[in-house]
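Trainee: I am new to this model and would like to know what stands behind the words used for it. Can we start with a contact list?

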Amino acid sequence: MNPALGKFMLARTPKSILDPAPTMNTAIPLNTGASIPALGLGTWQSAPGEVKAAVIHAIEAGYRHIDCAFCYQNEDEVGEALQDVIKRGIVKRSDLFITSKLWCTFHTRAEEGLQTSLDLLKTDYVDLFLLHWPVPMNPKGNHPLFPKHDDGSRDLDNSLTHIQAWRNLETLIKTHPEKVKAIGVANYSVRYLEKLLAQAEIVPAVNQIENHPLLPQQEVVDFCKAKGIHITAYSPLGSTGSPLFKDPKVNEVASKHGVGPGVVLLSYHLARNSSVVPKSVTPSRIDENRKLISLDADDLSTLDSISKNGVTRFIYPPFGINLGFPDKTEGVDISG
Ligand SMILES: NC(=O)C1=CN([C@@H]2O[C@H](COP(=O)(O)OP(=O)(O)OC[C@H]3O[C@@H](n4cnc5c(N)ncnc54)[C@H](OP(=O)(O)O)[C@@H]3O)[C@@H](O)[C@H]2O)C=CC1
Ligand SMILES: O=C[C@H](O)[C@@H](O)[C@@H](O)[C@H](O)C(=O)O
């Protein structure tokens, strides 16, 4: 049986990762039978000229999971880094967990999107391929990644739904299991997941969502847990210029454990059985971000209290679409 046909397999109940203490490469089971390393290096906004050194440094420091996307326009350089560490014998390809994502203008061209990323990354396969957003965009518009109408609004592709885009990923993994080991989604709310699961043949292995103490997204985390869909937390530090490093409660927990606030923000996800993909191009931060710790129930309750007066979402592209998240209700509902 194709191992990606997760719908037909019982999701394994992940063992608690609080005891024993999690490490950066704690293997968290996916519904495919494979597992994902708890910590990955994010690469969005890592500038060409910087990202190759960052990926090499991370892999030399023990990272085994790299989060990439065609839309980040730096997969070529990430690929150079992968080639470098493999050629020097630091790791084998099979030691690594590489994620890429199908960009919105490629929803009708899943195979082309995958092959383009494989060529740039200089690898024969990805461990995980995600539908980057549930929003198809015009593949023949005025820009290959961010097509816009004359009024500046995003040029969406109304000829297919996100569910048809998912079907294209299902076809891809069935026809090319040697090139893509698991498929998943990103930026899916409960509403969009419900519509997707009603028609999907393969349950997504992963839902990658913005997640941090200012945006706990408990409803989608709980829903995914019930359906055997693993959560990967993106923008876990609060993205570029995050206020979370100065948050008094984050710092209270950090002082208690004698670690920096970044370590607390990353460890929060391990306590929830999620994986986490912080971005950095700074060697000392790439090193610091490996030092994951076990947080206790008091720590989690302190961190959860940060959003009690309201949540903050840092990443919400101007698609003009209501993506079904309870904190964002404007825009058109295209859940299907
Ligand atoms: N699926 C999706 O739609 C999305 C996926 N992602 C993924 O998640 C990754 C992480 O999210 P991202 O939005 O980049 O933001 P993060 O929350 O990872 O924050 C990155 C910022 O924090 C800084 N930083 C990193 N570590 C530390 C530290 N220990 N102390 C102080 N500052 C630190 C980085 O600076 P510097 O690099 O200068 O060190 C950078 O400015 C992305 O790179 C991408 O791979 C992100 C957004 C959307
Ligand atoms: O993964 C990172 C994010 O999703 C990013 O790719 C989008 O937010 C993009 O900049 C956009 O404007 O649509």
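This is a predicted model: local features need pLDDT of at least 70, side-chain atom pairs count only at pLDDT 80 or more; totals for chains, interfaces and linings use all residues.

Trainee: Why is α8 called mostly covered?

Mentor: A residue is buried if 20 or more other C-beta atoms lie within 10 Å of its own. In α8, 10 of its 10 residues are buried, including Pro-261, Val-263, Leu-266 and His-269. The buried residues of α8 pack against β9 (230-234), α7 (248-257), β10 (275-276), α9 (283-288) and α10 (297-304).

Trainee: How is the packing of α1 and α2 described?

Mentor: Two packed helices are described by the angle between their axes and the distance between the axes. For α1 (residues 51-60) and α2 (residues 75-87) the angle is about 35° and the axes are 8 Å apart. The contact is made by Val-51, Lys-52, Val-55, Ile-56 and Ile-59 of α1 and by Glu-77, Val-78, Glu-80, Ala-81, Asp-84 and Val-85 of α2. By class, that contact has seven nonpolar, no polar and four charged residues.

Trainee: Is Ile-90 buried or exposed?

Mentor: Exposed: Ile-90 has 12 other C-beta atoms within 10 Å, and a residue is exposed if the count is 12 or fewer. Ile-90 sits in the loop between α2 and β5 (97-102). Ile-90 touches Ile-59, Glu-60 and Val-85, again without residues up to four places away in sequence. Glu-60 is 30 residues from Ile-90 along the chain, yet their C-alpha atoms are separated by 6.9 Å.

Trainee: Why is Glu-50 called partly exposed?

Mentor: Glu-50 has 15 other C-beta atoms within 10 Å. Exposed needs 12 or fewer and buried needs 20 or more, so a count in between is partly exposed. Glu-50 is in the loop between β3 (41-42) and α1.

Trainee: What makes Asn-187 buried?

Mentor: Asn-187 has 23 C-beta neighbours inside 10 Å, and 20 or more is the cut-off for buried. Asn-187 lies in the loop between β7 (183-186) and α5 (190-199). Asn-187 has a positive phi of about 65° although it is not a glycine.

Trainee: And what of Gln-217?

Mentor: Gln-217 is buried, with 24 other C-beta atoms within 10 Å. Gln-217 is in the loop between β8 (206-210) and α6 (218-227), and has a positive phi of about 50° without being a glycine.

Trainee: Which residues surround ligand 2?

Mentor: Trp-44, Ala-69, Cys-71, Ile-315 and Pro-317. By class, this shell has five nonpolar, no polar and no charged residues. The shell around ligand 1 divides into 10 nonpolar, 14 polar and four charged.

Note on methods. Residues are numbered from 1 along each chain as its sequence is written. Chains are lettered from A and ligands numbered from 1 in the order in which they are written. A residue is near a molecule or strand if its C-beta atom, placed from the backbone, lies within 6 Å of it. Ala, Val, Leu, Ile, Met, Phe, Trp, Tyr, Cys and Pro count as nonpolar, Asp, Glu, Lys and Arg as charged, and the others, Gly among them, as polar. Axes are lines fitted to C-alpha atoms, for helices over the stretch in contact, and angles run from 0 to 180 degrees between N-to-C directions. Helices (H or I, at least four residues) and strands (E, at least two) are DSSP runs, numbered from the N terminus. Two residues are in contact if their C-beta atoms, placed from the backbone, lie within 7 Å.
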